[in-house]
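I opened my notebook to look up a few things in this chain. Here is the structure I worked from.

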Amino acid sequence: MQTNIEAMAMPQNSHSILMAPIISNGGSPARESFRRFFECWLVEQNQQLQELISASSSVAFANSNHPDADAILQPLIDRVVRHYEHYYQAKSRCAEQDVLSMFSPSWRSSLEDAFLWIGGWRPSMAFHLLYSKSGHQLEAQLAELIRGLSTGDLADLSPDQLSRVDKLHQRTITEEKKISEKLGKHQETVADSSTVELSHVMSDMLQNRDVPGNRSLDNIEEQIENTLVSKEEGLQKILKKADELRLRTLKDILNILGLTQAVHFLIAAAELHLRFHDWGKKRDDEVPFQ
């Protein structure tokens, strides 16, 4: 098949890459197209980070009870959530063409790779981010809170919110474990009976021995292809479940938080993602080629 990567060159934004059809070239991965999409998506995330910081500062300066606070923050929060949805839509489309690239993404640094869970961030990490940011803001505004003043940010989580977050955290951990177990069982199929037999047959052929039975070389190669395709399809299903949990966890946390709190959480999430990516890329550049 003819590649469509050229048609996606120099996109105006990441949405233009998503809308363009992702077509593999002779079965090879569409890795490069997603790498360019991801780089564009990061630029947009950084732009949205600046907007979140600006909106947070404006609302805080005008008082969090300002009548226009909802009108300022809600559309921005919705747009940031759509940006995450956009990412997972593009990822899903690319995974249909090349799921293996999603498990070993060349667009991420070695540092990021070391902390990936099934091709992305571990959903339960979002709760640690929430707790860490809440703790930092609590320390910074302890005097106001002692005086009974409401800060409106993550230092001001109510007992009901903390209870709901904890319950969501436990549910998320349970779902994480189920998906991890599915991946573990699927990984074990690498050593199932049919794969082991095929590896033995090919080893015999490489040593110039006869092909066992009446099977031809074409027949064996077809069996190998079918076996590998089946394993990739299993990975694609597991990746889809993991990505669905990631996006659902983000939305569920935001639904528990107030608007100002949600903005602070999204700021923390974007800052962590962007800076960790930068740190990893810098370390990769500093490692001498062996």
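My entries follow, from the overall fold to the charges.

**Ground rules.** I am reading a predicted model, where local features need pLDDT of at least 70, side-chain atom pairs count only at pLDDT 80 or more, and totals for chains, interfaces and linings use all residues. Residues are numbered from 1 along each chain as its sequence is written, and side-chain values use heavy atoms, with hydrogens and water left out.

**Burial.** The protein chain has 290 residues, and 40% of them count as buried. Buried means under 20% relative accessible area, exposed over 50%, and partly exposed lies in between (1.4 Å probe, protein chains only).

**Cysteines.** I checked for disulfides (pairs of cysteine sulfur atoms within 2.5 Å). The structure holds zero. I noted C94 as buried because its relative accessibility is 3%. C40 is buried too, at 16%.

**Charge.** Which residues gather in a patch of positive charge on the surface? They are K178, K182, K185, K240 and K241. The elements giving two or more residues to this patch are α8 (159-188) and α10 (217-256). Helix α8 gives the most, with three residues. Like charges are joined within 9 Å. I then picked out K185, which sits in helix α8. K185 is exposed because its relative accessible area is 60%.

Technical notes:
Patches are made of residues with over 30% relative accessible area and no salt bridge: like charges are joined within 9 Å, nonpolar side chains (Val, Leu, Ile, Met, Phe, Trp, Tyr) within 5 Å. Accessible areas come from the Shrake-Rupley method with a 1.4 Å probe; for residues, only the protein chains shown count as cover. A salt bridge is a side-chain nitrogen of Lys or Arg within 4 Å of a carboxyl oxygen of Asp or Glu. Lys and Arg count as positive and Asp and Glu as negative; His and the chain ends are not counted. The place of a charge is taken as NZ of Lys, CZ of Arg, CG of Asp or CD of Glu. Helices (H or I, at least four residues) and strands (E, at least two) are DSSP runs, numbered from the N terminus.
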